[in-house]
Amino acid sequence: MRLDALLARLGVGTRSEVQRLIRSGAVAVAGETVRDPGRALPPEAPVTVRGQALDTRTGRTVMLHKPAGVLTAARDARAGTVMDLLPPLYRSLGCMPVGRLDKDTTGLLLLTTDGELAHRLISPKREIEKVYLATTDTAFTDADVTAFGAGLALGDFVAKPARLDIVDAHTARVTVTEGKYHQVRRMLAACGHETLTLHRERVGPLALDPALGPGQMRELTGEECNALREAVDQT
Ligand code: URA
């Protein structure tokens with residue numbers, strides 16, 4: 001990749017701003033000042049801007065604690081989206097949501113620059129577990145557990161067998177391996193429950209970091225990225 005393209009992607013400035021910056025002598029590659037914005041970069045060459053080391057990784061995956069009232073969309077003219085909650089760097093690198101949570105669903109949303117990883121995480125064929133905590137207007141019964149385990153007919157499709165663990169009368173933990181539109185709400189509705197709140201706790205091996213409040217995000221650690229890749233590779 002060209003030096004100016006990399007710096008622009010990393011949010012150092014617009015293409016013309018970073019070209020001016022490079023020509024001014026503020027950028028060094030592997031310890032050597034480079035004044036040619038078009039210089040091709042060897043992979044993993046260390047880059048500094050005004051003497052400060054730059055994190056040049058263009059592949060990033062983040063976890064966001066999605067708050068209620070925010071759309072899972074790249075952009076929307078009328079409402080706030082999860083992209084508004086990301087620092088500019090991640091938008092500039094092209095992080096995109098992995099699947100969707102409804103506007104009123106809260107909890108773990110992954111966003112990544114890795115389209116293949118995203119595709120594998122949401123593919124029903126790979127059966128990556130998504131775990132939700134749901135509260136409802138009516139009390140859960142053992143019949144709900146059985147109905148979820150059998151696979152619920154939802155009109156346009158039959159949901160794969162899923163797990164419902166009753167936490168208390170009006171709270172259950174639901175584990176599904178597919179993510180059709182409003183899937184958990186529709187499964188609960190098929191059992192006669194209106195969903196009051198829905199919160200995603202986990203995707204595959206990755207649980208929402210309890211240190212993240214609603215609207216906060218952080219980048220995944222290397223170990224977390226490896227665990228996700230292993231999960232999708234094994235399936
Ligand atoms: N199932 C739903 O019904 N809504 C979500 O946001 C996620 C899963």
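This is a predicted model: local features need pLDDT of at least 70, side-chain atom pairs count only at pLDDT 80 or more; totals for chains, interfaces and linings use all residues.

Is leucine 3 buried or exposed? Its relative accessible area is 0%, and leucine 3 is therefore buried, the cut-off being under 20%. Setting aside residues up to four places away in sequence, leucine 3 touches Ile22, Val27, Val29, Val34, Asp36, Pro37, Arg39, Leu41 and Val47. As for proline 42, it stands 39 residues from leucine 3 in sequence, while the C-alpha atoms of the two are 9.8 Å apart in space.

The second residue is arginine 60, found in the loop between strand E4 (52–53) and strand E5 (61–66). With a relative accessible area of 5%, arginine 60 is buried as well. What lies around the polar end of its side chain? A polar atom of that side chain is 3.4 Å from the backbone oxygen of aspartate 55. Beyond four places in sequence, the residues touched by arginine 60 include Leu10, Leu89, Tyr90, Leu93, Cys95, Leu111 and Glu219.

In soluble globular proteins, nonpolar side chains tend to be buried together. Here, the largest nonpolar core comprises 30 residues, and Leu86, Leu111, Phe148 and Met187 have the most contacts inside it. At least two residues of this core come from each of E5, strand E7 (106–112), strand E8 (130–136), strand E10 (171–176) and helix H6 (183–190). Which domains does this core draw on? Domain 2 (61–124 + 206–231) and domain 3 (129–203) each contribute at least three residues to it.

Another core, of 17 residues, lies apart from the largest one; Leu117, Ile128, Val203 and Ala231 are among its members.

Finally, the charged pairs. Side chains of opposite charge can pair when their charged atoms come close. How many salt bridges does a search of the whole structure find? The count is 18.

I have selected three of them. In the pair of arginine 120 and aspartate 233, the closest N and O atoms are 2.9 Å apart. Arginine 120 sits in helix H4 (residues 115–122) and aspartate 233 in helix H7 (residues 222–234), so this bridge ties together parts that are 113 residues apart in sequence. Arginine 120 is partly exposed at 21% relative accessibility, whereas aspartate 233 is exposed at 53%.

Lysine 160 and glutamate 127 form the next bridge, at 3.1 Å from N to O. Lysine 160 is in the loop between helix H5 (142–150) and strand E9 (163–168), and glutamate 127 is in the loop between H4 and E8, so parts 33 residues apart in sequence are tied together.

In the third, glutamate 129 pairs with arginine 202, the closest N and O atoms being 3.1 Å apart. Glutamate 129 lies in the loop between H4 and E8, and arginine 202 in strand E11 (residues 195–203), so the bridge ties together parts 73 residues apart in sequence.

Salt bridges with shared partners join Asp55, Arg57, Arg60 and Glu219 into one network.

Definitions and conventions:
Residues are numbered from 1 along each chain as its sequence is written. Side-chain values use heavy atoms; hydrogens and water are left out. Buried means under 20% relative accessible area, exposed over 50%, partly exposed in between (1.4 Å probe, protein chains only). Contact means heavy atoms within 4.5 Å. Helices (H or I, at least four residues) and strands (E, at least two) are DSSP runs, numbered from the N terminus. A polar contact is a pair of N or O atoms within 3.5 Å; within protein, one must be able to donate a hydrogen and the other to accept it, and residues adjacent in sequence count only if both atoms are side-chain atoms. A nonpolar core is a set of buried Ala, Val, Leu, Ile, Met, Phe, Trp, Tyr and Cys residues joined through side-chain atoms within 4.5 Å. Domain bounds come from an automatic or database domain assignment. A salt bridge is a side-chain nitrogen of Lys or Arg within 4 Å of a carboxyl oxygen of Asp or Glu.
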